[in-house]
Amino acid sequence: MKDMITDPQLILASQSPRRRYLLEQAGLTFAVIPGTFDEDSVQLTDPADYVKTLAKAKADEIAGQYPDSWVIGADTIVTIDRSVLGKPGTPDDARHMLEKLSGQSHCVFTGYAIVCKNQAACVCDAVKTEVQFKNLTPDEIDWYVQTGEPFDKAGAYAIQGMGTFLVRRINGSYTNVVGLPVCEVIEALLGMGVVTMNAANAKGLTV
Ligand SMILES: Cc1cn([C@H]2C[C@H](O)[C@@H](COP(=O)(O)OP(=O)(O)OP(=O)(O)O)O2)c(=O)[nH]c1=O
């Protein structure tokens, strides 16, 4: 149930600490209100369409509760060949994902949606980044799984964490791999007039 407080102007509808950190680092002030949307209820289609649909559903859920606020939702998946890798449920899942990614290139798709219900406004898009892994030895995979880092990350790795040693090169947005394409999201927020670059407040973006 919604608290009896004034709607925050900008909301990140996500439980992901990485998304929060990326937006804070970009100078935004916002509230964090994660939703309860069931990701398994959405049928997998084209990867870009799929992450856009999920991002929009996450944003819409919170926008329904805070209709005057601007709400940001996002979703990230990893694809390789024809498989989609979400978050591993068990150490064996994580090991299999890392074995699949070893020595190969894969794609990371993040969808984002920015929604304001009472203004009937919505921007929704997806960004793709290519990531190439080095060849991993069984010992490297075992060690990385034991760190516990893979478990809440799509594809069982964190490029921003200890998993940085896995990545030989990337082609595209780095923040997109971490969970939110910050350049595109800030561009959209500026374009919609949700935030401004105010010379009198050069410490951050003005909401
Ligand atoms: C590939 C990769 C993913 N990830 C993370 C970003 C996302 O938090 C997660 C993908 O899961 P998501 O389902 O996109 O997001 P989430 O469940 O963490 O949060 P919410 O649905 O509430 O917004 O994987 C990294 O942190 N680093 C990486 O290198």
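Among contacts in the protein chain between residues at least 6 apart in sequence, what share joins residues at least 24 apart? In this predicted model, the share comes out at 68%. The chain itself is built from 6 helices and 7 strands. Read from the N terminus, these elements follow the order β-α-β-α-β-β-α-β-β-α-β-α-α.

Next comes the overall size. The C-alpha trace spans about 50 × 40 × 30 Å along its principal axes. A compact globule of 207 residues would have a radius of gyration near 17 Å, and the protein chain has 18 Å, so the two agree. As for burial, 39% of the 207 residues count as buried.

Helix 2 is a handy element to look at up close. It covers residues 47-65, which makes 19 residues, and it reaches 28 Å from its first C-alpha to its last, close to the expected 27 Å. Its buried residues include Tyr50, Val51, Leu54 and Ile62, along with several alanines such as Ala55 and Ala59. Lysines turn up in that buried set too, namely Lys52, Lys56 and Lys58. And what lies over these buried residues? The cover includes strand 1 (10-12), strand 3, strand 5 (105-116) and strand 6 (121-133).

Strand 3 shows up again around the ligand. The ligand is surrounded by 23 residues, and the closest are Ser14, Gln15, Ser16, Ile159 and Gly179. Strand 3 (70-80) and helix 5 (174-178) each supply at least two residues of this shell, with strand 3 giving the most, 4 residues. By type, the shell splits into 10 nonpolar, 7 polar and 6 charged residues.

Methods:
Residues are numbered from 1 along each chain as its sequence is written. This is a predicted model: local features need pLDDT of at least 70, side-chain atom pairs count only at pLDDT 80 or more; totals for chains, interfaces and linings use all residues. A residue is near a molecule or strand if its C-beta atom, placed from the backbone, lies within 6 Å of it. Ala, Val, Leu, Ile, Met, Phe, Trp, Tyr, Cys and Pro count as nonpolar, Asp, Glu, Lys and Arg as charged, and the others, Gly among them, as polar. The expected span of a helix is 1.5 Å times one less than its number of residues. A residue is buried if 20 or more other C-beta atoms lie within 10 Å of its own, exposed if 12 or fewer, and partly exposed in between; C-beta atoms are placed from the backbone. Two residues are in contact if their C-beta atoms, placed from the backbone, lie within 7 Å. The radius of gyration is taken over C-alpha atoms; the globule rule is 2.2 Å times the number of residues to the power 0.38.
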